[in-house]
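Colleague: I would like to learn how to read this model feature by feature. Can we start with the ligand and then turn to the charged pairs?

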Amino acid sequence: MDVLVFSENPHLAAELLSAGAGLAAASGGRAYSVEADSVRQGTHGNALLLRSEVPLLGDPALLAEAISAARKTKVAPVVLIGSTKTGRMVAGGLAVLDQLCVLSDVRDLRVDGGRLTGTRGVYAGKFNALVGGPLPSIALIPQGSYEPFSEPSGPVEEVRVTTGPPKVSREELRSSAKSSLDLRGAKVIVAAGRGLKAKEDLAIVQRLADALGGVIGASRPLSSDLGWLGEEYHIGLTGVYVHPDLYVAVGISGQIQHVAGIRDSKVIVAINRDKQAPIFQVSDYGVVGDLYEVVPALLRALGRP
Ligand SMILES: Cc1cc2nc3c(=O)[nH]c(=O)nc-3n(C[C@H](O)[C@H](O)[C@H](O)COP(=O)(O)OP(=O)(O)OC[C@H]3O[C@@H](n4cnc5c(N)ncnc54)[C@H](O)[C@@H]3O)c2cc1C
């Protein structure tokens, strides 16, 4: 049984290749990274390079058609797609075209008795549900679920695909105001919450992040509601799920929607002036105190006053 994997994000594609290689090896098959527009993005594993008359990347409908065409060249009852905005659209399109089942946001994948199964966090990550569907199936996999594939580059096969006319046309190319920040890969995150009184106070949280060799993150009110930081900083159920070695929550109450995104952190430290704040229930270390005193004290202790 071969497995096809696709993500427009090269790091996520490498993680999917790991998951795919594990599933394929059990049945003597191979995992192939499907790569669009003849661009070899990964440096590991086997690849199917899609050659098309029209650009595919940026048009999820065309990508779905192209992956459907690639499936005809392999006996690939499992397709793993990175759970990004593009990936979710591609999975939806491919499911309709090829009549496939889709398992959303799953990890711990297995193929057993003609079914693909995986686990999915439910109730804001408090429980794991075992979900499954009949083969052939697509699994959407969030970043951080598997170690990136590290074996050397394998054979590259080209697949010529013919798709319908582009459904999306590019009118103009503008640089994105968004930063390239991707909190999912960060090892140290210092996240700011509504305990901050003003946008300018983000500077002390940033200084703590710098002192710890990390990056800054935020609860939803700071990024989505107040707009003090971009959407890419928003951690939690409706933002990004992170899994750093160290997560420091500064002035964050620890509501379930936020905690859902930080559960996989190795060590959680909370700074909050309310000793009843729910964040302390999920923290390994906690400091009950005013962040405007605690953070400067920490910076002094770290030799970065
Ligand atoms: C459908 C839905 C989805 C959501 N998704 C998300 C999500 O993905 N991510 C997310 O973060 N939220 C999400 N939320 C919002 C969530 O419910 C909370 O409202 C939010 O997480 C609270 O953010 P906060 O902890 O920064 O603010 P607050 O809850 O207001 O907490 C501020 C904390 O700061 C402390 N504090 C105040 N001043 C100081 C000080 N000087 N020193 C120290 N501590 C201080 C307070 O004691 C308090 O605990 C979602 C809500 C809904 C309804």
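Modeller: Start with a polar side-chain atom of Thr238, which lies 2.7 Å from a nitrogen atom of the ligand. Keep in mind that this is a predicted model.

Colleague: How much of the ligand does the protein bury?

Modeller: The ligand taken alone exposes 980 Å², and the protein buries 75% of that.

Colleague: How many residues surround the ligand, and which are closest?

Modeller: The shell has 25 residues. The closest are Arg194, Ser219, Thr238, Ser253 and Asn272. The ligand takes up the space of the second largest pocket.

Colleague: Now the charged pairs. What is the general idea?

Modeller: Side chains of opposite charge can pair when their charged atoms come close. The rule here asks for a side-chain nitrogen of Lys or Arg within 4 Å of a carboxyl oxygen of Asp or Glu.

Colleague: How many salt bridges does the rule give?

Modeller: The count is seven. One of them joins the side chains of Arg71 and Asp98, with N to O at 2.8 Å. Arg71 belongs to helix α2 (residues 60-71) and Asp98 to helix α3 (residues 85-98), so the pair links distant parts of the chain, 27 residues apart.

Colleague: Are Arg71 and Asp98 buried or exposed?

Modeller: Both are buried.

Colleague: Which residue does Lys266 pair with?

Modeller: Lys266 forms a salt bridge with Asp245, and their closest N and O atoms are 3.0 Å apart. Lys266 sits in the loop between α6 (256-259) and β14 (267-272), and Asp245 in the loop between α5 (220-225) and β13 (246-250). The pair therefore ties together parts that are 21 residues apart in sequence.

Colleague: Why does Lys266 count as exposed?

Modeller: Because its relative accessible area is 60%, and exposed means over 50%. Asp245 has 31%, so Asp245 is partly exposed.

Colleague: What about Arg184 and its partner?

Modeller: Arg184 pairs with Asp182, the closest N and O atoms being 3.0 Å apart. Arg184 is partly exposed, with a relative accessible area of 22%. Asp182 also counts as partly exposed, at 29%.

Colleague: Let us turn to the loops. Where is Ser7?

Modeller: Ser7 lies in the loop between β1 (3-6) and α1 (10-25). Its relative accessibility is 1%, so Ser7 counts as buried; the cut-off is under 20%. A polar atom of the Ser7 side chain lies 3.1 Å from the backbone nitrogen of Asn9.

Colleague: And which loop holds Ala277?

Modeller: The loop between β14 and β15 (285-288). Ala277 counts as buried, because its relative accessibility is 5%.

Colleague: What separates the C-alpha atoms of Ala277 and Gln255?

Modeller: The separation is 8.8 Å, for residues 22 apart along the chain.

Technical notes: Residues are numbered from 1 along each chain as its sequence is written. This is a predicted model: local features need pLDDT of at least 70, side-chain atom pairs count only at pLDDT 80 or more; totals for chains, interfaces and linings use all residues. Side-chain values use heavy atoms; hydrogens and water are left out. Helices (H or I, at least four residues) and strands (E, at least two) are DSSP runs, numbered from the N terminus. Buried means under 20% relative accessible area, exposed over 50%, partly exposed in between (1.4 Å probe, protein chains only). A residue is near a molecule or strand if one of its heavy atoms lies within 4 Å of it. A polar contact is a pair of N or O atoms within 3.5 Å; within protein, one must be able to donate a hydrogen and the other to accept it, and residues adjacent in sequence count only if both atoms are side-chain atoms. Accessible areas come from the Shrake-Rupley method with a 1.4 Å probe; for residues, only the protein chains shown count as cover. On a 1 Å grid over the protein atoms alone, a cavity is a set of points where a 1.4 Å probe fits but cannot get out, and a pocket is an open set with protein on both sides within 12 Å along at least five of seven lines; lining residues have an atom within 4 Å of a point. A molecule sits in a cavity or pocket if more than half of its atoms lie within 2 Å of its grid points.
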